[in-house]
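Subject: Model for your files

Hello,

Here is the model you asked for, with sequence and coordinates below. My notes on its salt bridges follow.

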Amino acid sequence: MRKPQPIDYAAVFQALPGMVALLTPELVYVDVNDDFAHLAGRTREQLLGRYIFDVFPENPNDPAAAGMRETRESMLRVVATGERDTMAVLRYDIEDVQRPGHWQEHFWSPVNAPVLGTDGKVVLVVHRVEEVTELLRAGSRTDSDRARVLEAELYTRARELQEVNERLRRAHAHEREVALALQTAMMPTPRHLGPHQAAVRYRPAIGDLNVCGDWYDLVDLPGDRMAVAVGDVVGHGLAAACAMGQLHSALSAATRLADGPAQALEALDMYACSVDGAESATVATTIIDWGGRSITYSCAGHPPPAVLHSDGTVSFLDQATDPPIDARPGRVARPEARVPFAGGDTLVLYTDGLIERRTEDVDTSLGRLADCLTRHRGTAPEALADALLADLLPATGNTDDTALVVVSL
């Protein structure tokens with residue numbers, strides 16, 4: 001039996017059909033096959049040892065160009081995850097080396113794959129790309145052999161993208177379930193408030209990726225008092241929910257020890273410096289003094305709480321507002337204000353998902369909330385909370401989380 005000859009992998013690499021390049025994790029060319037150099041219109045000397053996007057910059061004459069960004073993000077995903085990344089067809093124009101400043105339109109179907117070292121880390125990125133400009137220009141009915149090959153290649157890439165999208169969908173669905181479970185666990189159920197009533201609601205945003213960091217809290221305090229707060233962490237998904245959980249717990253503890261809402265928010269500012277994702281979170285916190293018939297409040301970048309008076313008028317607690325959490329330079333005392341209330345009044349705290357719309361300013365949004373409250377004056381907290389959600393959330397589904405607390409005063 002004939003002894004197999006050693007395989008010259010360098011020769012195999014050069015003979016590979018189609019454009020193939022090897023790059024470092026820093027996206028510097030270390031090798032290209034003959035087809036890559038030929039079809040890219042560059043010599044090996046013009047490629048090797050150079051950063052890919054120095055050789056192939058974005059077309060400055062195309063304001064919508066995104067090929068460089070999408071390619072870079074794909075390659076960096078490969079480096080970060082150690083998994084192959086199949087890209088959709090993209091346009092990426094190439095500058096003519098013979099005529100600087102002249103750009104030629106090209107369409108590509110790329111795949112980026114990792115080469116792992118003995119330690120399991122990515123040591124090289126394989127960049128394989130098929131030019132599909134000819135196919136897209138000729139149309140799908142062309143009979144050329146080249147077009148049929150490209151059609152088959154695109155079909156394969158499309159199937160790979162479908163598989164990747166399905167894995168992402170399952171991962172995002174799982175993340176949503178975990179984030180919702182965390183948020184639900186952190187949301188307290190109102191305890192018995194004596195002659196007073198309270199209702200709470202939480203509505204997650206629609207879509208797998210839109211679970212956010214909205215929350216509410218109710219804390220019994222000594223001296224016939226109760227603290228009520230709502231907050232909103234910037235961002236989406238599990239990371240936002242985790243940051244929400246930390247801020248929620250910290251404020252709940254600070255409220256029990258602080259001398260008023262402002263001091264509790266100042267303590268939260270200091271704590272938030274050590275919490276990833278807590279920057280620019282917003283909070284509105286109030287303390288209801290049942291015996292003194294007053295509400296003390298402070299807001300950190302959050303929409304103002306509303307008081308629905310027994311006569312149907314609405315006032316907003318907007319005299320103690322300040323920037324969001326961890327957004328102020330240095331340690332500065334936060335403002336605090338106190339207002340009286342009368343029997344039959346209702347306190348409403350909410351997050352911006354209840355009122356804000358991209359097409360209108362905040363005054364219009366607050367006006368719509370006030371009108372809704374007036375229409376439903378005299379309604380018990382549970383029914384009022386349902387009415388607010390029904391009247392104010394979009395009929396097509398909310399695209400932002402909504403937390404809501406309604407307390408009968």
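Is R99 buried, exposed or partly exposed? R99 counts as partly exposed, at 45% relative accessibility; buried means under 20% relative accessible area, exposed over 50%, and partly exposed in between, with a 1.4 Å probe and protein chains only.

This is a predicted model, in which local features need pLDDT of at least 70, side-chain atom pairs count only at pLDDT 80 or more, and totals for chains, interfaces and linings use all residues. Residues are numbered from 1 along each chain as its sequence is written, and side-chain values use heavy atoms, with hydrogens and water left out.

The count comes to 14 salt bridges (a side-chain nitrogen of Lys or Arg within 4 Å of a carboxyl oxygen of Asp or Glu). Among them are these:

- R99 and D96 meet through their side chains at 3.5 Å, N to O. D96 counts as buried, at 14% relative accessibility.
- D31 pairs with R44, with 3.0 Å between the closest N and O atoms. D31 lies in strand 2 and R44 in helix 3 (residues 44–47), so the pair ties together parts that are 13 residues apart in sequence. Helices (H or I, at least four residues) and strands (E, at least two) are DSSP runs, numbered from the N terminus. R44 is partly exposed, at 31% relative accessibility.
- E70 pairs with R69, the closest N and O atoms being 3.9 Å apart. E70 is partly exposed at 32% relative accessibility, and R69 is partly exposed at 40%. A network of salt bridges links R69, E70 and E73.

Regards
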